[in-house]
Amino acid sequence: MDDCIAAISSAVGQAGIGIVRMSGEGSFDVLDRVFDKDISKIENKKMTYGHIIDRGNIIDEVMVSAMKEPYTYTREDVVEIYTHGGMMSVKKVLELLLRSGARLAEPGEFTKRAFLNGRLDLTQAEAVIDIIHAKTDKAHQLSVNQLSGSLKGLVKEYRDKLLDILSHVEYNINFTEDMQEEPDDSMLIVDAKEVRDKLSKLLSTANKGKILRDGVNTVIIGKPNVGKSSLLNALLKENRAIVTDVPGTTRDVIEEYIDLDGLALKISDTAGIRDTDDIVEKIGVEKSVSFIDNADLVIAIFDSSRELDKEDMRIIDLIKDKRAIILLNKSDLDKKLDFDLDLGDIPIIETSIKEGKGIEELEETILRLFNSGDLEVSNDVLVSNVRQQEILNRAYDSLNSAISDMERGVPSDCYEVDLRSAWEILGEITGETIEDDILDKIFSDFCIGK
């Protein structure tokens, strides 16, 4: 997997510059076929001015950086061509490179090569895409911490400790066969419990890491014309959603990200929930209901100038047992809504979104619900995605099973299996013991060119 790959690494659309990247064996040869300068005279990691030429015709005026392995992102020879911005320049340059001996890179293949060549471990590779997708300063800082190898170092510490325990257990198995009693494993139990407790502490950061990385998946629901789109606009502080007096204006889900004091809210403004014969609107209503199931937070809006009806009661049933906030909107009008219902700890806020009343209280309530005060990015290592959390849970279970057998006096060769399993499972976090198909799935989530 060291052939020459090429891809556009800059975003699609008009920009100041565009970037086309190559990596792998033969990258310099491909450049030599299309660049009008003698590449043997190009200095390593220095920019060189020239033109990309296709059969005597100038494709673009460019700057080229040629970087020799192993001190590159992929630890292979890397070439980056900086074109004028816009779709056509980078497209034409890429097409020429592909005709001149390169092949189109797969999604995430540059970073995958960096991983396979030992430049990054898997936690750092995942941090690369997290940096790209970060929606807040805190999410970005978490990703930068991961890229520096913070989680990698912690996992190595745990695996080294488990390997030390395993070596003592295997020694007992191999060299104490003539003993009439099992050797004293009390200190090994202490050491194993120490690793288990550290795994538990790391797992406890998963919720904080998820919120920092992915934000809070927030859904706004309610009947038509209660103020859902107005709320989205108020939180965004811009007119993103269409607001009219006509019921059923929003027929599909509108999604936007909001940075709320470092807490990213992925807000979905859904179609109004009501019985309707309109086929398109009905699909939108069904989609709204499905979004509730996957939401971290549901903001349910009711019109306080109207009495409760069966559609309101359906919405109330949908938010039971959910983390939710209820807004009684249109408080500037005469109140007709009697909301004397037992909804447990669900906060209820009176709002007049039209006049901006209650928006600040809503924001403060969201921050309080998700402990935003605790969401500071420090030097502590955090579990930042579901894959890492699932692996840690499996490692914890295997280690806990081994400790239980050790405490019950089970023969060493029985609990050695669980100890080794915990050690191997932890290696999946950094990629030291991971299946190829899982590896391909991780990097398939990357964009082409990264």
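Hello everyone, let's start with a pair of strands: strand E2, residues 17-23, and strand E5, residues 78-84, run antiparallel and are joined by 7 bridges. Within that pair, Ile-17 has His-84 of E5 as its bridge partner. Strands here (E, at least two residues) and helices (H or I, at least four) are DSSP runs, numbered from the N terminus.

A quick word on where this comes from: the model is predicted, local features need pLDDT of at least 70, side-chain atom pairs count only at pLDDT 80 or more, and totals for chains, interfaces and linings use all residues. Residues are numbered from 1 along each chain as its sequence is written, and side-chain values use heavy atoms, with hydrogens and water left out.

Back to our strands. E2 and E5 belong to an open sheet of 6 strands, ordered E3-E4-E5-E2-E1-E6, with mixed pairing; two strands pair if DSSP finds at least two bridges between them. Strand E3 (47-54) and strand E6 (103-104) are at the edges with a single partner strand each, so one side of each has no neighbour in the sheet. Helix H1, residues 27-34, packs on this sheet and touches E2, E3, E4 and E5, where contact means heavy atoms within 4.5 Å. The direction of H1 makes about 35° with that of E5; axes are lines fitted to C-alpha atoms, for helices over the stretch in contact, and angles run from 0 to 180 degrees between N-to-C directions.

Now to one residue of strand E4 (residues 57-67), Met-63.

Strand E11, residues 324-329, pairs with E12 in the parallel sense over 3 bridges, and Ile-326 has Ile-348 in E12 as its bridge partner.

Last stop: Gln-146, in helix H5 (residues 137-147). Gln-146 counts as buried because its relative accessibility is 2%. Leaving aside residues up to four places away in sequence, Gln-146 touches several residues, including Thr-123, Leu-151 and Gln-388.

Key
Buried means under 20% relative accessible area, exposed over 50%, partly exposed in between (1.4 Å probe, protein chains only).
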